[in-house]
Amino acid sequence: MRFTVAIDGPAAAGKGTISKAVAAQFGFAHLDTGLLYRAVGAKVGVGGDPVAVARALVPQDLAVEGLRTPEVAQAASKVAVISEVRAALVAFQRDFARREGGAVLDGRDIGTVICPEAEVKLYITASAEVRATRRWKELCETGITQDYDAVLAEVRERDARDMGRADAPLRPAQDAREIDTSEMSIEAAVAAAVAAVSAAMSAAETATAAMRQLGGEA
Ligand code: CDP
């Protein structure tokens with residue numbers, strides 16, 4: 001079975017938690033596509049041409065330590081405006097999306113550019129202040145000390161760059177279901193996402209059964 005769940009949205013809206021929970025619930029593979037851009041940004045930080053780095057990226061690069069820092073997030077969003085960098089990462093993401101057994105991909109342009117045919121598209125959002133609070137707590141838990149105002153400024157700066165770029169700007173796909181998690185518990189947000197995937201899977205199964213029946217009757 002091939003089944004793609006595309007989850008987009010701005011920084012710290014809850015995409016990661018929701019994506020992991022959906023993947024676990026349905027036994028799908030999960031790709032955090034932000035890691036691709038973070039890995040390129042981190043490597044460019046120590047020297048190199050962003051396009052050459054993106055073209056040479058290997059899956060092991062996504063497992064290196066230190067990709068979650070605010071500095072790497074900024075570096076990621078800077079390399080993410082370069083069209084050739086984005087183009088170099090398309091095939092890997094599309095192959096992942098259509099793998100056998102189902103896949104969840106989260107990022108900024110999954111429903112709009114990478115997988116416009118995804119069976120489910122979700123756009124997860126929340127106010128900048130709520131997202132900054134969540135990211136600030138996450139960073140504190142991982143031992144990275146940051147001032148809340150600096151985290152909020154970082155979130156806003158990245159939002160502006162991600163939404164304002166010419167190639168694959170962050171925006172909801174026309175047929176995406178929007179989930180605003182500003183005043184929602186993470187459990188409620190996960191439940192809404194799981195319900196949307198369940199409904200789309202049932203619809204896909206019904207359509208497949210109808211096609212089989214038509215084929216059998218012909
Ligand atoms: O975890 P967080 O939401 O803060 O960021 P991320 O998903 O790891 O993405 C880091 C940066 O990579 C984003 O700010 C985007 O600029 C870029 N990105 C992108 O352009 N397209 C994607 N599909 C995923 C990430």
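**Ligand, pocket and cavity**

Figure 1. The model is predicted, with local features needing pLDDT of at least 70 and side-chain atom pairs pLDDT 80 or more, whereas totals for chains, interfaces and linings use all residues. Residues are numbered from 1 along each chain as its sequence is written, and side-chain values use heavy atoms, without hydrogens and water.

**Figure 2. Arginine 108 and arginine 165 also present side-chain atoms to ligand oxygen.** An N or O atom in the side chain of arginine 165 is 2.8 Å from an oxygen atom of the ligand. For arginine 108, the distance from a side-chain N or O atom to a ligand oxygen is 3.1 Å. The ligand on its own has 530 Å² of accessible area (Shrake-Rupley method, 1.4 Å probe), and the protein covers 97% of this 530 Å².

Figure 3. Helices are DSSP runs of at least four residues, and strands of at least two.

**Figure 4. The ligand takes up the space of the largest pocket.** A pocket is an open set of points on a 1 Å grid, with protein on both sides within 12 Å along at least five of seven lines; a molecule sits in a pocket if more than half of its atoms lie within 2 Å of its grid points. The largest pocket has a volume of about 920 Å³. Of its 39 lining residues (an atom within 4 Å of a point), Ala12, Arg38, Arg68, Arg135 and Glu138 are the closest to the centre. Helix H7 (128-141) is one of the elements that give two or more residues to this lining, and H7 gives the most, with 6 residues. The lining is made up of 17 charged, 11 polar and 11 nonpolar residues.

**Figure 5. The structure holds 1 cavity of 30 Å³ or more.** In a cavity, a 1.4 Å probe fits but cannot get out. The largest cavity has a volume of about 40 Å³. Its lining includes Arg38, Arg68, Arg135, Glu154 and Arg158, as well as Thr69, Pro70, Ala73 and Leu139. H4, H7 and H8 each give two or more residues to this cavity lining. By class, the cavity lining has 5 charged, 3 nonpolar and 1 polar residues.

How values were computed
Polar contact = N/O pair within 3.5 Å; in protein donor to acceptor, adjacent residues only side chain to side chain. Points joined across faces, edges and corners; volume = space filled by probe spheres on them. Nonpolar A, V, L, I, M, F, W, Y, C, P; charged D, E, K, R; others polar.
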